[in-house]
Amino acid sequence: MRNTRATQPLFELSKPGRRAMRMPAADVPDVPLAELLPESALAATPPELPELAEPDVVRHFTNLSTQNMSVDTHFYPLGSCTMKHNPKRNERLASLPGLLDLHPYQPQETLQGMLALLFELQELLGEIAGLPAVSLQPAAGAHGELASLLIAAAYFRDVDGKRTKVLAPDSAHGTNPASAAVAGFEPVTVKSTPQGFVDLVDLGAKLDNRAAVFMITNPNTLGMYDPNIKRIAEMVHAAGGLIYLDGANMNAILGISRPGDFGADMMHFNCHKTFSGPHGSGGPGAGPIAVSARLAPYLPTPLVERAGGGFRLGYDRPRSIGRVRSFFGNVGILVRAYCYIRTHGPDGLRRVSEHAVLNANYLLSRVKHIFPVPQGDRCMHEFVASAARLKTDKDISAMDIAKRLLDYGFHAPTVYFPPIVREALMIEPTETESKETLDAFAETLFRVTEEPADLLHEAPHTTPVSRPDEVRAARQPVMVWPRESSPDDGAGG
Amino acid sequence: MPFLLNTPDDVRAMLEAIGVGSLDELFAMVPRELRLARELAIPPALTELELTSHLEALARQNVSAKEKACFLGGGSYDHFVPAVVDAIAGRGEFYTSYTPYQAEASQGNLQAFFEYQTLIARLTGMDVANASLYDGATAAAEAVLMSMSATGRRRHVVAAASVHPEYRQTLAAYLKNLGTELTTLATPDGILAPQQLATAVRDDTACVLVQHPNFFGCLENVEKLVHVAHDKGAMFVVVVDPISLGLLKRPGDYDADIVVAEGQSLGNPMSFGGPYLGIMACRERMVRRMPGRIAGQTVDRRGRRCWVLTLQTREQHIRREKATSNICTNQGLLALRALVYLAAAGPQGLREVAELCLRKAHYARTRLAAAGRRLALRFDRPAFKEFVVRSSDASVDDLLAEALDAGFFAGIPLSQWYPELDDCFLVAVTEKRSRAEIDGLATALNRIPRQVTAAHA
Ligand SMILES: Cc1ncc(COP(=O)(O)O)c(C=O)c1O
């Protein structure tokens, strides 16, 4: 039961003289501060932080937590995000002191267990990808995209030096064109067919000798396996380009179809999706990349290598792009991914995908009577329904439905993505949900569409707040707690 | 399978509802020739008990910082993490939620982001902060890109060699394909000399990247450096240690334009280098160029105070290739940990941590470099919690290996990044190191006989 007194912003709860953390007295000789640091370097006042006792802190944040929906508490069919159950064993194991309390610059002979684990994870991911070389360094999917495009840039500098464009379909996730731009390429959009597949004619027209990479998501963001994927790869390769596979949707094809086998030259995994890393309110993720043999020399350093009877961090890679972050990678999430893969084994991973696809198709079979699903009767791990007709007929939008679902205790699907479907509701149930939950969700969706539009326009009705004014938030941004007492007069600073 | 719920009966009923005869048929849209005709060549499944034994065995093959006194730093530190941080961050409602796209179902996360932004802005003396980037290195690279877009100068940036080498490598990789020239200024005296900077900053320089306290632990002459940068219209981007701000002047007070930091020190385990969090704060006038998520305060339809993701038109999911960055998933849970840490520390707690680091590091400096012994300070300058030690006779590798045997992670050899410092190592001292450990380290490092060293060489 929520206690609104405790969810006041921290600065409102603050009271001078309170504190939760106290450090021991110094056990070294007491030298005046002025002898240790020049006066000019020191702050005139203590840091401006709230003053709270531990009970304040615990009650505040515990009550804040109850204002979230989460996988532990709710069905969370947020399409493209693979909100699957987070195995509790992974949390415990990743917290073993022998894995958690390791400094990144410890001598390598003190890290042999960790390096063995990471080496094996490189191998496991390479096998799942069907691509031989893996870097665990990128921190998330988008970071893996960027690293891969930097690899492509380095590769093309070596082979011909004039490929400046990166192509991606109009159905692609926003990170694809954004990564292309950040990596210094010119992003080019390729059209989709009315069924949502890559338009081969448009692709052909845009594949010139300046096209470096075609970024494709397969299964795509409509949850469909592109039947032309092999042909697409052949076209891109014939034109001298590379295929990048956005691996956000790997949950559909584990042990069933491998990117390397369908033509990808490089790809990322989203460990926080496919391999059950906790999504942690927006992160951390981990976005390892796998590449073909000819791109392997360009991978970021270090990679874990075998050395004698043990393992080492290999830095001697003269053609490497260098590094895309500090230290080794988001190791805590990589350890969880390792645990997940080892928990499942070959048969288990395949079953994960089979049940993810079963759940999505079952839900699709129930939802298609309520909403048109432009892509048809089948899907892989997710599908995209359209509320366009409802919008026209009853003035009920995808957003209205999303908001109303919250009242019934379901997290909303992803809405308005992919951009090629009007009033899109992108639904990904994952394999860790039951038939009963899917039935209840489908029944609720149906019920919502029968409700009066007015009720939906003002939904949700049972959440702590409803329909925040986003325009106001953007026009007069208040991004920090204002110093003065009234929260309304503080602009941003 | 431990995480699947469908029983054989469920599967039958579901397949029937779908209208297919088998699970295999569900994959009809995957062309036959693109299906894997064999099992994945990975080891068989493990039960929880088996997996636990396996991971425990791997963990035993490591030597953790719990088993040695850890004097390693260089951007990752063995600071104390209060239990309250783990207790809060372990709440499933934080742990297993995602980016707050639906504000009504995410007020806890959004308010936490807002509070995090507030505390980071206060701590750095800046107007605004974002809700986290990947780590300190990518935050530095993003800040440089941001300065390029804010100044419209895309040709040239300057960094001091005293900035973390891996941050500079990251920046170099980010800039490589943009054709932006990166000038790295040597810091033979341990800090960047303002006169030297003045000769390197040009009219087309977007920014100057400096770390303070720097990679060697030394305090930079930030006030002078800011002037030099601003004189040429370049921005000043500073990498800070958030713990140091319990004591040191805030970057906002010396007129920095963008502040970035590695947030690991604030309540996050070392975890072999990640996940950590990139902190970024800037002036309000630049907020629309800032990468990453930002929570903003507003009111709901009934006038109740609440929070949303705001200024989303900067972001890739709205603006695609015109976004300020490609970042999507960030380091939210680590930002939450940093927030709880700062809330628990408060002004006095953070100041105490900073003072303890300073005092103990100072004590360690004097003990390690005590006159007449083989070790000396490489840079005798004001420093916060780290310092560089030079060995006059023994090789660094031998010294560190001997110290390891004696129970210490004594320091980080610098030759891998600075060949000219191949006789040096970097020592960090946090509030967790006791006087006895420091004394023990000094004794161990000075005890190693020359002959051993000679024999190794
Ligand atoms: C299809 C797709 N591509 C790329 C990404 C980016 O991944 P991340 O958020 O891990 O950076 C996402 C997820 O958010 C996605 O759904």
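**Entry 1: the ligand**

I began with the shell around the ligand. Its largest share, three residues, comes from helix α7 (residues 141-159) of chain A. I am working with a predicted model.

Next I listed the neighbours. I found 15 residues around the ligand. The closest are Ser80(A), Ala142(A), Asp246(A), Lys273(A) and Thr329(B). Does the site belong to one chain or is it shared between chains? Residues from chains A and B surround the ligand, so the site is shared.

Then I looked up polar atoms. Gly141(A) has a backbone N or O atom 2.7 Å from an oxygen atom of the ligand. For Ala142(A), a backbone N or O atom also lies 2.7 Å from an oxygen atom of the ligand. Asp246(A) uses its side chain: a polar atom there lies 2.5 Å from a nitrogen atom of the ligand. The ligand exposes 390 Å² when taken alone, and the protein buries 99% of that. I also noted that the space taken by the ligand is the largest pocket.

**Entry 2: behind Asp246(A)**

Which side chain makes a polar contact with the side chain of Asp246(A)? I found the side chain of Asn176(A), at 3.1 Å. I placed Asn176(A) in helix α8 (residues 175-182) of chain A. Asn176(A) has a relative accessible area of 0%, so I wrote it down as buried.

**Entry 3: chain B as a whole**

I turned to chain B. I listed 14 helices and 15 strands. Its C-alpha atoms fill a box of roughly 85 × 55 × 50 Å along the principal axes. Chain B has 457 residues, and 67% of them count as buried.

I took helix α5 (residues 107-124) of chain B. It has 18 residues and reaches 25 Å from its first C-alpha to its last. That is close to the 26 Å expected at 1.5 Å a residue. I then asked how many residues of α5(B) are buried. The count is 18 of the 18, so the rest of the structure largely encloses this helix. Just after α5(B), I noted Gly125(B), with a positive phi of about 75°.

I did the same for helix α7 (residues 165-176) of chain B. Its twelve residues should span 16 Å at 1.5 Å a residue. The end C-alpha atoms are 16 Å apart, which agrees. Nine of the twelve residues are buried, so α7(B) is largely enclosed too. Among the buried ones I noted Pro165(B), Tyr167(B), Arg168(B) and Leu175(B).

**Entry 4: backbone exceptions**

I reminded myself of the rule. Most residues other than glycine have a negative phi, and most peptide bonds are trans. I then looked up some exceptions.

I found a cis peptide bond from Thr301(A) to Pro302(A), with omega near -5°. Pro302(A) is in the loop between β7 (289-291) and β8 (303-307) of chain A. In chain B, a cis bond joins His212(B) and Pro213(B), and omega is about -5°. I placed Pro213(B) in the loop between β5 (205-211) and α9 (222-231) of chain B.

Positive phi came next. Tyr416(A) has a phi near 60°. Its place is the loop between β11 (414-415) and β12 (424-427) of chain A. At 37% relative accessibility, Tyr416(A) counts as partly exposed. Asp255(B) has a phi near 75°. I located Asp255(B) in the loop between β6 (235-240) and β7 (258-262) of chain B. Asp255(B) counts as partly exposed, at 39% relative accessibility.

Key: Residues numbered from 1 in each chain as written. Chains lettered and ligands numbered in written order. Predicted model: local features only at pLDDT ≥ 70, side-chain atom pairs only at ≥ 80, totals over all residues. Heavy atoms only, no water. Helix = DSSP H or I, 4+ residues; strand = E, 2+ residues; numbered from the N terminus. Expected span 1.5 Å × (residues − 1). Buried < 20%, exposed > 50% of the residue type's maximum accessible area, 1.4 Å probe, protein only. Near = heavy atom within 4 Å. Polar contact = N/O pair within 3.5 Å; in protein donor to acceptor, adjacent residues only side chain to side chain. Areas by Shrake-Rupley, 256 points an atom, 1.4 Å probe, with all protein chains shown as cover. 1 Å grid on protein atoms, 1.4 Å probe; cavity = no way out; pocket = protein on both sides within 12 Å on 5 of 7 lines; lining within 4 Å. Sits in = over half its atoms within 2 Å of the grid points.
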